[in-house]
Amino acid sequence: MVRSKIISTGSYLPEKILTNSDLEKMVDTTDDWITERTGIKERRIASNDQAASDLAYEASKLALDRASLKGEDIELIITATVTGDMPFPSTACILQHKIGAKNAAAFDINAACSGFLYGLYIADSFIKSGMHKRILVIGTEVLSKITDWEDRTTCVLFGDGAGAVILEPTEEERGIISININSDGSLWELLHIPGGGSRNPVSRDTVDRRLHYIKMKGNETFKFAVRTLEDIVVKILEDNKLNPAQLSLLIPHQANLRIIQATAERIGLPMNRVLVNLYKYGNTSAASIPIALDEAFMTGKIKDGDYILLEAFGGGLTWASALIRW
Ligand code: UT7
């Protein structure tokens with residue numbers, strides 16, 4: 001049986017750090033509130049001239065170098081982002097040019113914070129079907145440019161970054177064992193950007209009304225996230241007849257420490273087997289899981305044969321989970 005396996009990872013975080021005390025000077029908030037309610041202490045902010053493809057380039061280059069591959073060795077590029085360089089062409093095409101992946105097809109997907117796992121799902125299907133043999137999947141976000149820096153309910157949450165993985169087929173008992181994606185469009189209003197698309201095209205009015213920034217019903221999203229993520233981690237383990245004790249590491253989407261703790265508690269997983277890095281990067285949407293995965297791999301938290309579980313939740317609403325044997 002053919003499975004897809006991650007053969008390399010890479011990530012990139014912009015240099016500039018914005019701390020909670022910096023935010024105290026910008027909006028009516030406190031370090032205590034942000035730390036208690038979210039677990040976030042600081043986040044990275046891209047420079048004015050950095051767009052999503054620039055961050056994606058750095059992460060992808062690292063993943064390629066670590067696998068001793070060149071851009072031209074890649075057959076397909078899937079980029080998950082809600083902050084693409086421009087409405088079109090896709091950020092994947094711009095990245096394709098930057099890394100010299102002249103033999104690749106390239107496209108973007110939009111599944112907000114679940115985007116990377118959606119990308120992994122698509123890549124996994126292509127590899128299993130034999131359509132493609134080497135796929136680059138990236139999550140890249142410059143959320144600082146769609147964040148309303150006057151809205152304290154959202155601006156304390158987000159950060160910028162990118163993560164990349166390269167997938168190849170394997171006939172070994174490893175790689176992506178199981179992967180699920182889900183959505184419920186009836187809840188789209190919980191997390192969205194109202195302006196700038198064909199519903200409310202950019203105009204002086206949409207800009208004056210700040211419609212080009214993220215709007216979120218935080219508390220409703222929080223409750224739905226906790227319920228849903230608890231259910232999907234239990235389900236994917238049961239479906240694969242895996243005991244939580246066999247799990248080496250849970251790598252959750254990094255939105256809120258309380259959501260992560262609730263999910264881990266539900267399957268009885270101690271927090272030392274959960275990758276948490278949101279205290280330094282905030283919520284980087286589609287980039288959060290590949291950044292965390294790269295950190296886990298590079299710091300020796302994942303070893304050959306380990307079972308790891310990835311899960312994400314975000315705008316759409318969308319949610320997803322993946323069980324991987326490293
Ligand atoms: O990644 C995609 C999915 N997104 C998420 O998963 C985010 C999910 N939501 C959350 O993480 C949480 O809902 C938040 C962190 C956004 C908010 O935490 P909460 O415990 O749900 O707080 P809340 O929205 O119920 O607000 C509680 C209070 C409110 O004041 P009142 O009405 O009780 O007087 C807010 O106005 O906290 C106030 N508040 C703040 N206070 C200080 C909201 N934002 C801030 C702030 N600083 N930055």
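A: K241 is exposed, with a relative accessibility of 74%. (Exposed means over 50% relative accessible area, buried under 20%, partly exposed in between, with a 1.4 Å probe and protein chains only.) Its phi is positive, about 50°, yet K241 is not a glycine. The residue sits in the loop that lies between helix α8 (218-239) and strand β11. Helices (H or I, at least four residues) and strands (E, at least two) are DSSP runs numbered from the N terminus.

The model is predicted: local features need pLDDT of at least 70, side-chain atom pairs need 80 or more, and totals for chains, interfaces and linings use all residues. Numbering starts at 1 along each chain as its sequence is written, and side-chain values use heavy atoms, without hydrogens or water.

Now follow β11 into its sheet. The sheet is open and has four strands, in the order β8-β13-β12-β11. Its pairing is mixed. (Strands pair if DSSP finds at least two bridges between them.) β11 (247-252) is an edge strand, and so is β8 (175-183). Each of these two pairs on one side only. Neighbouring strands are turned by 10° on average, direction ignored. (Axes are lines fitted to C-alpha atoms, for helices over the stretch in contact; angles run from 0 to 180 degrees between N-to-C directions.)

Helix α11 (residues 288-298) packs on this sheet. It touches β11 and β12, where contact means heavy atoms within 4.5 Å. The direction of α11 makes about 145° with that of β11.

Look next at β12 (residues 307-314) and β13 (residues 318-325). These strands run antiparallel, joined by eight bridges. G314 faces T318 of β13. The loop between β12 and β13 holds L317. Here the backbone has a cis peptide bond, from G316 to L317. Its omega is near -10°.

The F88 to P89 peptide bond is cis, with omega about 5°. P89 lies in the loop between β4 (76-80) and α4 (91-99). S68 is a residue other than glycine with a positive phi, near 55°. S68 belongs to the loop between α3 (52-66) and β4. It is exposed, at 66% relative accessible area.
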